[in-house]
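Take a look at the model below. The text after it walks through the structure step by step.

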Amino acid sequence: MANSHDLIFQNALEGNKYDVTPDKNMRNTTIKDEKDRQNWLKNYKPHVYEKMQAFPEKIANGESIAIIQFQYDYLCNMDCEHCCIDKFYVPRDWEKASGRRKFEMEDVRRLSNEADKMGLANFVITGGEPLIMRDFDELVEAIDPSKFYLVTDSNGWNLDLKRAKHLKQIGIDKVQLSLDGITAHDHDTFRRKPGSFDRTMKAIDACKEAELHVILSTVIWKDRIYTDEWREFLEFAKEKEVGTYIVYAKPVGAFEEIGIDSMMTEKEGAILQKFEEEYDIFTHMTPSYGRDIGCIAVKRMVPISRYGDVMPCPYQHVSLGNFFEEGLKPIIDRGLNIKWFDPKKNMPCICGVDKGFIDNVIDKTYGDSEVPVRYDRVFTEDDFVKNDNMGTVEKGSGTGREVETWKHAPLITLKGKKLKDHDFVNDAI
Amino acid sequence: MEKKLGGKTGLKETKVAPVKGQKEFVSDVTGEVWKKDSITQWYNVINKQAIINEDQESKAKGGGTKTLPKGSVVFIDDIRGRINPQYRCKDSSGNIWFVRNRFIDMIEEKQRLSREDADKAAEKIQTDNEKFNYRGGVRVGKYGGDAADDNFEHRSIGEK
């Protein structure tokens, strides 16, 4: 990746709240390339750096190195037509009246401690729109930026220069800005929010001026990849010198009805890989830590809902367990024990392209299902690697029939470099 | 070459951005004409009866479809969603449906069923609604699992 982050930390460390003893030398560090970024992490967040160093070994041992995608609140100021999380939103007044348990700051601190003990090193604050959360600063403090590489998602509506500087000051390491079209018409229509394109443009510039690491996030579906607009989008990102994270459209949430015909296929996936050679873009399937681990569900990503449900990925609305009832580790271990998420297997993007998985699992979350659907309503004993740690799934359930997809999935193998030589920190941030 | 209307906006003469206050949008992906729905405060809908104004189809457990016909009286006991707001409804058989609020008409006081008929319709569906219990964000049913478990057929073995 090529980024221009000259003098990135000169001003930002001044008055930093969370790390009272940053390496003094880092105040004058300039970030010219990814090696500098690694040095920065090593000096500025040594604990995070150490945890990331252990990632290759954890992968080899079949452990999770999950990013905690924390859906702290579902409030949002946009109405995106591809929103995958709309069904999780409950109006505030009814949430209070209904008595649902939700995350309080004390719970967030407990989550942060448990994730830290597990050696997890990444936290992404998402929503909803994080930057409209009134207690965003308190949330960041509760997560504790000294323990994690901390990212926030945003649509950019409330992200001006002052806010960008503030985010950096309180400990946000990266902002992931949503941009779903290279024209105001495309973006604003998709986001159903006139003016959002212009705000996002300003937010990109604000982050760069505040020297806050920023990347773009965009949704790709089958037809878009063939359009001139897509090429223009990539050229724009290249010109701005910002990386782009590409999200495959999934038939879930408000996008439930797009149908399988609008989804990416292996052909489009291959085309996208070609684009990766030319542009600074990546997807959740991009190999990292020296290994191509394929689908990152549970292995490299666990979303946690506002109501404590731990899910395999943002697009699989299946609860592997509830954080308020169990600890984080037993839930993640249960997930890794499910064959679809087997840490030794290299699966495709199962909820994006695997029709068998969509029919067997995702389909159960459609329509009038209550989401997230509990794992014991979706998985049977057949779906588990070992018949222990299955939680409430009954022994003897299922038919004994193996699911072809995971049965023939290749084992995860080392790609190219030796683990010890791999640029693992760069991959992680 | 199309004339650009200005700056970084990407607007062209043939492509005009939505304007502030616009009520209706056309999806570039699905072609769906979309307009904003709004939901009322919970006490205007929760524990109230309503009438379905358009047939609702849903995939039945174990294949096929089931239909909640237009004109059905339902009992609303939960709300979810903001972009596509839905009410959680129980029909007279106790089945759970999530229905977009645009397909539901609240029963006005004067239109309500007779007390006797209302009691009869609500008898099956109000048994566990005095106190709400949730596991995470999901309603807990009478057997201790998700509320939907009450009518759940397992995907693999096809048994309740």
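**A walk through the structure**

In chain B, strand E3 (residues 48–52) and strand E6 (residues 73–80) pair in the antiparallel sense over four bridges. Strands (E, at least two residues) and helices (H or I, at least four) are DSSP runs, numbered from the N terminus. Two strands pair if DSSP finds at least two bridges between them. Within this pair, B:Ile51 stands opposite B:Val73 of E6(B).

This is a predicted model: local features need pLDDT of at least 70, side-chain atom pairs count only at pLDDT 80 or more, and totals for chains, interfaces and linings use all residues. Residues are numbered from 1 along each chain as its sequence is written, while chains are lettered from A and ligands numbered from 1 in the order in which they are written.

Now widen the view. E3(B) and E6(B) belong to an open sheet of five strands, in the order E8-E7-E6-E3-E9, with antiparallel pairing. Its edge strands are E8 (96–100) and E9 (104–106) of chain B, and each pairs on one side only. From one strand to the next, the twist averages 45 degrees. In general, strands of a sheet pair through backbone hydrogen bonds, either parallel or antiparallel.

Follow the sheet through its hairpins. E6(B) and E7(B) run antiparallel and are joined by five bridges. B:Ile76 stands opposite B:Cys89 in E7(B). The two strands form a hairpin with five residues between them. In that turn, B:Gly81 has a positive phi of about 85 degrees. E7(B) and E8(B) also pair in the antiparallel sense, over five bridges. Here B:Tyr87 stands opposite B:Val99 in E8(B). This hairpin has five residues between its strands, and B:Gly94 in the turn has a positive phi of about 90 degrees.

How many residues of strand E7 (residues 86–90) of chain B are buried? Five of its five are, and the strand is mostly covered. A residue is buried if 20 or more other C-beta atoms lie within 10 Å of its own, exposed if 12 or fewer, and partly exposed in between, with C-beta atoms placed from the backbone. B:Gln86, B:Arg88 and B:Lys90 are buried on one side of E7(B), and B:Tyr87 and B:Cys89 on the other.

Chain B as a whole has one helix and 11 strands. Along the sequence, the pattern is β-β-β-β-β-β-β-β-β-α-β-β. Of its 160 residues, 28% count as buried.

Turn to chain A. Four of the five residues of strand E4 (residues 174–178) of chain A are buried, so E4(A) is largely enclosed by the rest of the structure. E4(A) pairs with strand E3 (residues 149–154) of chain A in the parallel sense, over four bridges. A:Lys174 is the bridge partner of A:Val151.

The largest nonpolar core has 133 residues. Such a core is a set of buried Ala, Val, Leu, Ile, Met, Phe, Trp, Tyr and Cys residues joined through C-beta atoms within 7 Å. Those with the most contacts inside it are A:Ala66, A:Ile68, A:Cys207 and A:Val302. Helix H9 (residues 196–209) of chain A gives the largest share of this core, six residues.

H9(A) also packs against helix H8 (residues 184–191) of chain A, at an angle of about 110 degrees and with the axes 8 Å apart. That makes H8(A) roughly perpendicular to H9(A). Roughly perpendicular covers 65 to 115 degrees; angles under 35 count as roughly parallel, over 145 as roughly antiparallel, and the rest as oblique. Axes are lines fitted to C-alpha atoms, for helices over the stretch in contact, and angles run from 0 to 180 degrees between N-to-C directions. Two residues are in contact if their C-beta atoms, placed from the backbone, lie within 7 Å.

Some backbone details stand apart. Most residues other than glycine have a negative phi, and most peptide bonds are trans. Phi of A:Glu211 is near 60 degrees, a positive value in a residue other than glycine. A:Glu211 is found in the loop between H9 and strand E5 (213–220) of chain A. The peptide bond from A:Val371 to A:Pro372 is cis, with omega near -5 degrees.

Last comes confidence. The pLDDT is the predictor's confidence in each residue, from 0 to 100. Chain A averages 83, and 84% of the residues score at least 70. Over residues 1–32 of chain A, pLDDT stays under 50.
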